[in-house]
Amino acid sequence: METRDCPRKKGGRTGKAWEPAREKGIATEAVGHSGGGVVIVCATCGFPITRDNARMEVGGSHTHGFANPHGLYYEIGCFASAPGCSFSSDSSAEFSWFAGYRWRLAGCRGCGSHMGWLFESKTGSFAGLILSALTREEEGGEARG
């Protein structure tokens, strides 16, 4: 994962490179496969990231498009949880795309690919996941568009 893919931190420096934690933590419980429906997986390695029923709206929309200070554009979807992600320990309020929220990098627990960000405020948190980094699969493993 290249650190240039994340919003910049104070002082114009990008976030530190990091290895995904493989232990439990915020939103890192395993994605259950017993409920049927659609599982959302990492497009790189197929590791389960979240479920379709975790989709949520923030600011009146599930999807949002933003450019970071480097000019890189991301289309993200908001999810109440992303158990298949690990999150960096450092958070920042600099260049946050959501007022009142701090962000931390989110990576795939399977391969470490950049999945998006965890946005946290005093009232709650949500995962903003890069839609192009995800693939939808039916419960049985069949890919969906």
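Author: The secondary structure of the chain comes to 10 strands and zero helices, where strands (E, at least two residues) and helices (H or I, at least four) are DSSP runs numbered from the N terminus. Along the sequence this gives the pattern β-β-β-β-β-β-β-β-β-β. The model is a predicted one, in which local features need pLDDT of at least 70 and side-chain atom pairs count only at pLDDT 80 or more, while totals for chains, interfaces and linings use all residues. Residues are numbered from 1 along each chain as its sequence is written, and side-chain values use heavy atoms, with hydrogens and water left out.

Now to the rings. A pair of aromatic rings is described by the distance of the centres and the angle of the planes. Rings of Phe, Tyr and Trp (its six-membered ring) pair if their centres lie within 6.5 Å, and planes under 30 degrees apart count as stacked, over 60 as edge-to-face and the rest as tilted. The structure holds 10 aromatic pairs. One of them joins tryptophan 97 and tryptophan 117 in an edge-to-face arrangement, with 4.7 Å from centre to centre and 80° between the planes. This pair links distant parts of the chain, since tryptophan 97 lies in the loop between strand S5 (85-87) and strand S6 (102-108), whereas tryptophan 117 belongs to strand S7 (residues 114-121), 20 residues apart. Both tryptophan 97 and tryptophan 117 are buried, a word that means under 20% relative accessible area, with exposed meaning over 50% and partly exposed in between (1.4 Å probe, protein chains only).

Phenylalanine 119 and phenylalanine 126 form another aromatic pair, this one stacked, at 5.3 Å centre to centre and 20° between the planes. Phenylalanine 119 is buried, with a relative accessible area of 1%, and phenylalanine 126 is buried too, at 2%. Ring pairs link Phe66, Tyr74, Trp97, Phe98, Tyr101, Trp117, Phe119 and Phe126 into a cluster.

Phe98 deserves a further look. Leaving aside its neighbours within four places in sequence, phenylalanine 98 is in contact with Val58, His64, Phe66, Ile76, Cys78, Phe119 and Phe126, contact meaning heavy atoms within 4.5 Å. Phe98 is also listed, together with Ile49, Met115, Trp117 and Leu129, among the residues with the most contacts inside the largest nonpolar core, which has 29 residues. Such a core is a set of buried Ala, Val, Leu, Ile, Met, Phe, Trp, Tyr and Cys residues joined through side-chain atoms within 4.5 Å. Strand S1 (38-42), strand S4 (73-79), S5, S6, S7 and strand S8 (124-130) each supply at least two residues of this core. In soluble globular proteins, nonpolar side chains tend to be buried together.

Phenylalanine 95, by comparison, is partly exposed, with a relative accessible area of 43%. Phenylalanine 95 is placed in the loop between S5 and S6, and its phi is near 55°, a positive value in a residue other than glycine. Most residues other than glycine have a negative phi.

To set this part within the whole chain, 41% of the 145 residues count as buried. Residues 24 or more positions apart account for 54% of the contacts in the chain with a separation of 6 or more.
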